[in-house]
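Please read this note with the model open beside you, and check each point against the residues as you go.

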Amino acid sequence: MDAVRRVLIGVCGGIGAYKIPFLVRMLRKKNCEVKLVLTPSARTLVGQEALAALSGNPVYLDGESRYDMDHIRLSEWTDSFIIAPATANTIAKIAAGIGDNLLTTLCLSIPEEKITVAPAMNTVMWENKATKANIAALGSRGISVLPVGTGPLACGTSGPGRMLEIEEIAKHLLSHSEGKKNGWQTGLRCDKQGVSLTGKRVLISSGPTEEPLDPVRVITNRSSGKMGAALAEAAIIMGAARVTVVSGPASEPLPRGAEVIPVRTALEMQKALVEKFPSADLCIMAAAVSDYRPLNISESKLHRSEEEIFTLELAPNPDILAGLGASKSPCQFLAGFSLESGDEISRAEEKMKKKRCDMMVFNRADTALGGDSTAFTLLFKDGGKESFPVMGKLEAAQVILAKIIDNFHRAAPCGDI
Ligand code: CTP
């Protein structure tokens, strides 16, 4: 059984507030103790009695004198303070250090590394420069900011701005506590300098590619897409502003908070990445790209013959990573994967130079391909090298992103992270 974790949920007056009872139930099932504080406008959107019953604790409201000094008592009590949904207005107040209700006052009395914000608002408000500056201010102070989801919004439009799904919020809160226990989380997304992916746009390629021979046959490889999915999930957990995954036909599901661009061939993958790369701060090529494609694709099914040897002509595919490396701005960080069949670390070093990457992840096909875990060595363009033992792919993804954050400023000086 996990250790009891004390989670304080701050609810603002956004329509996503109706999902909070489900979050409470989910956290309780995971052995968390839960308390809630509502802003005055949240009181009209969500039933206090239901929240009190589900959490097994009184719900904290504003302006009730019996709760004098609650901001101090609750600060001492809580391990994690999640504000969900966090409206543009409350985010602005937190950024400015205003404490005009119990929830915002708590943001002044609870240490920043314990605070996570799950924004929810209309797309125009989300993209407003003031909101962006406020989100960046929160990130720079070490507050974790979860990404928003994309989809239908309460105002009737559709776009980015939805509160992240509660499963993802719960996962974030629980992995946050897990990470602290394991010792790696400190210094990742919540250390004193606010080292995190907050505000960063992350682009990941994932999975295999498929090159058609005829309407029914393809040339592909054994990539499962697990590493790409783990990187996307870790980037979301670490507060990236946007996570885009250009994914080949992989079996592994991608996390809900990610924007997914499905592709099949290497050429389709190249097109999608070239389009998305200029607006990304960090790009990780985790896809296993097919190096060749059939020169001619038969429009009808090829028929077999027992008399003739079948010869297939293959045309080389472009080196997508090398193309991105050639067009990379000094503000961007570019990482590749070098999966080798043996201990050929020198090949990984050569690839890093040739493709102009800032970092290369070297791992071995026999342990990493298709599996749930991997050992790996990180190579940096300044000659740095660090090896890590076998670990689960999500943990590996978190380590890789943490090391990228450590090296980002050196590698991409104007893309300070
Ligand atoms: N890569 C790419 N485009 C290709 C082939 C590979 O962008 N056509 C990327 C991969 O996503 C990976 C890195 O380049 O991040 C190294 O891929 P790898 O297959 O190890 O190396 P190759 O350059 O294909 O060389 P080789 O197959 O000869 O080892």
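The points below go through the sheets, the salt bridges, a surface patch and the cysteines.

1. Before the details, please note that this is a predicted model, in which local features need pLDDT of at least 70 and side-chain atom pairs count only at pLDDT 80 or more, while totals for chains, interfaces and linings use all residues. Residues are numbered from 1 along each chain as its sequence is written, and side-chain values use heavy atoms, with hydrogens and water left out.

2. Six strands form an open sheet with parallel pairing, in the order β3-β2-β1-β4-β5-β6; strands here are DSSP runs of E with at least two residues, helices are runs of H or I with at least four, and both are numbered from the N terminus. Two strands count as paired if DSSP finds at least two bridges between them. The edges of this sheet are β3 (59–60) and β6 (144–145), each with a single partner strand, so one side of each has no neighbour in the sheet.

3. Strand β2 is mostly covered, since six of its seven residues are buried, where buried means under 20% relative accessible area, exposed means over 50%, and partly exposed lies in between (1.4 Å probe, protein chains only).

4. An open sheet of eight strands has the order β13-β12-β9-β14-β17-β18-β19-β20, and its pairing is mixed. At its edges stand β13 (259–262) and β20 (385–392), each with a single partner strand, so one side of each is left without a neighbour in the sheet. From one strand to the next the twist averages 20 degrees, with axes taken as lines fitted to C-alpha atoms (for helices over the stretch in contact) and angles running from 0 to 180 degrees between N-to-C directions. As an example of pairing, β18 (residues 359–364) and β19 (residues 373–380) run antiparallel and are joined by four bridges, and V361 has L378 in β19 as its bridge partner.

5. How many salt bridges does the structure hold? The count is 19, a salt bridge being a side-chain nitrogen of Lys or Arg within 4 Å of a carboxyl oxygen of Asp or Glu. One of them joins the side chains of D319 and K355 at 2.7 Å, N to O. D319 lies in the loop between β16 (314–316) and α11 (320–327), and K355 in the loop between α12 (345–354) and β18, so the pair ties together parts that are 36 residues apart in sequence. D319 is partly exposed at 32% relative accessible area, whereas K355 counts as buried at 15%.

6. A salt bridge also joins D358 and K328, at 3.1 Å from N to O. D358 is in the loop between α12 and β18 and K328 in the loop between α11 and β17 (333–340), so this pair ties together parts that are 30 residues apart in sequence. Both residues should be read as buried, D358 at 1% relative accessibility and K328 at 19%. Please look for K381 as well, as a network of salt bridges links K328, D358 and K381.

7. On the surface, I15, Y18, F22 and L45 form a nonpolar patch with about 410 Å² of accessible area together, an area that comes from the Shrake-Rupley method with a 1.4 Å probe, where for residues only the protein chains shown count as cover. Patches are made of residues with over 30% relative accessible area and no salt bridge, like charges being joined within 9 Å and nonpolar side chains (Val, Leu, Ile, Met, Phe, Trp, Tyr) within 5 Å. L45 lies in the loop between β2 (32–38) and α2 (48–55) and is partly exposed, at 36% relative accessible area.

8. C12 is buried at 1% relative accessible area, and C107 is buried at 7%. A search of the whole structure finds zero disulfides.

Definitions and conventions: A disulfide is a pair of cysteine sulfur atoms within 2.5 Å.
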